[in-house]
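Here is a friendly set of notes to read alongside the structure. Take your time, and turn the view as you go through the points.

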Amino acid sequence: MITITWFGTASILIEACGQKLLFDPFVELNGGSNPNTLEDFEGVSDICVTHGHLDHLFFVPELVEGQDATVHCPAAAARTLEGFLEDNGNIVLTRPGDSWKLGELQITAYRGKHVAFSPSLVLHRLFSPKLFRRPKNLLFLAWAHPRFRERKDTLVYEIEAEGKNILLLGSMALDEKTEYPQGADLLILPYQGKRRPEEAACEIVERLKPKRILLDHFDDAFPPASGEEDTRPLYRLLSSRFPQIQAVKPKAGKPVRLWEA
């Protein structure tokens, strides 16, 4: 049986074949809509990072040092981690096309792409009246953002387990030249970054043709610079264009079992 737990932001734990595989661990800032702690990630020894932004990478050094976790990540994220770790022996540089096994799990990396934020969305956040309501968060974001860069180096991961394949994106975009697996049993899709995210999401669905979708990264994880996304327009658009595809909006910390053993 495959169990998937979302901990807020893009933090996803996949449990299958007796293994635990964690993606993009992050502890939400004060006031986040799904507060969590590093204890949520205890007992995990294998981590995959999609890209180097702070909400995907910032807490990885603590997990490496605290529980000797192995981290698979793209080159830009690896360079960032090396600046925060005394010993980089746990970092595995991962490139598009790399494939490896974790027990009976097969993991393959593909070239990804980070979403290009809609200018109107950026302006809306910059001039929002809530911008200065959490000054400590704002100071932290101002310090961390330039230190945790994506640098056009994002990965997409495919996880094969128990006869199912899961395609996990770290951002709501795809590389135009990459051939991705079609018809995945599950697409884990970040839902953030566009003024009309439902349109961007449906473009990805049209290209990948997954059987099911699990949403993440739709929450207000690092206020005041983030916001909660309304997923209802996506449901309406999916029901119109892709009525055969089920979209799941998980609850933080609650395991989801999409397939029974």
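1. **What you are looking at.** This is a predicted model, in which local features need pLDDT of at least 70 and side-chain atom pairs count only at pLDDT 80 or more, while totals for chains, interfaces and linings use all residues. Residues are numbered from 1 along each chain as its sequence is written, and side-chain values use heavy atoms, with hydrogens and water left out.

2. Buried means under 20% relative accessible area, exposed means over 50%, and partly exposed lies in between (1.4 Å probe, protein chains only). Helices (H or I, at least four residues) and strands (E, at least two) are DSSP runs, numbered from the N terminus. An α-helix has 3.6 residues a turn, so residues three or four places apart point the same way.

3. **Salt bridges.** A salt bridge is a side-chain nitrogen of Lys or Arg within 4 Å of a carboxyl oxygen of Asp or Glu. How many does a search of the whole structure find? It finds seven. In one of them, Arg232 meets Asp230 at 3.0 Å, N to O; Arg232 is exposed, with a relative accessible area of 53%, and Asp230 is partly exposed at 35%. Another joins Arg196 and Glu198 at 3.1 Å, N to O. Is Glu198 buried or exposed? Glu198 counts as buried, because its relative accessibility is 10%, whereas Arg196 is exposed at 52%. Arg196 and Glu198 also belong to a network of salt bridges with Glu199 and Arg241.

4. **Two cores.** A nonpolar core is a set of buried Ala, Val, Leu, Ile, Met, Phe, Trp, Tyr and Cys residues joined through side-chain atoms within 4.5 Å. The largest one here has 52 residues, and those with the most contacts inside it include Ile12, Phe23 and Tyr157. Helix 6 (residues 197-208) gives the most to this core, with six residues. A second, separate core of 30 residues includes Val27, Leu29, Leu81 and Ile91. In soluble globular proteins, nonpolar side chains tend to be buried together.

5. **Helix 3.** Leu81 is also one of the buried residues of helix 3 (residues 75-82), along with Ala76, Ala77, Ala78 and Thr80. Their cover includes helix 1 (54-57), helix 2 (60-67), strand 5 (70-73) and strand 6 (91-93). In the loop between helix 3 and strand 6 you will find Gly83, which is exposed, with a relative accessible area of 65%.

6. **A buried loop residue.** Where is Asp220? Look in the loop between strand 12 (212-216) and helix 7 (232-241). Asp220 counts as buried, because its relative accessibility is 13%. Leaving aside neighbours within four places in sequence, Asp220 is in contact with residues including Glu28, Gly32, Ser33 and Lys130.

Note on methods. Contact = heavy atoms within 4.5 Å.
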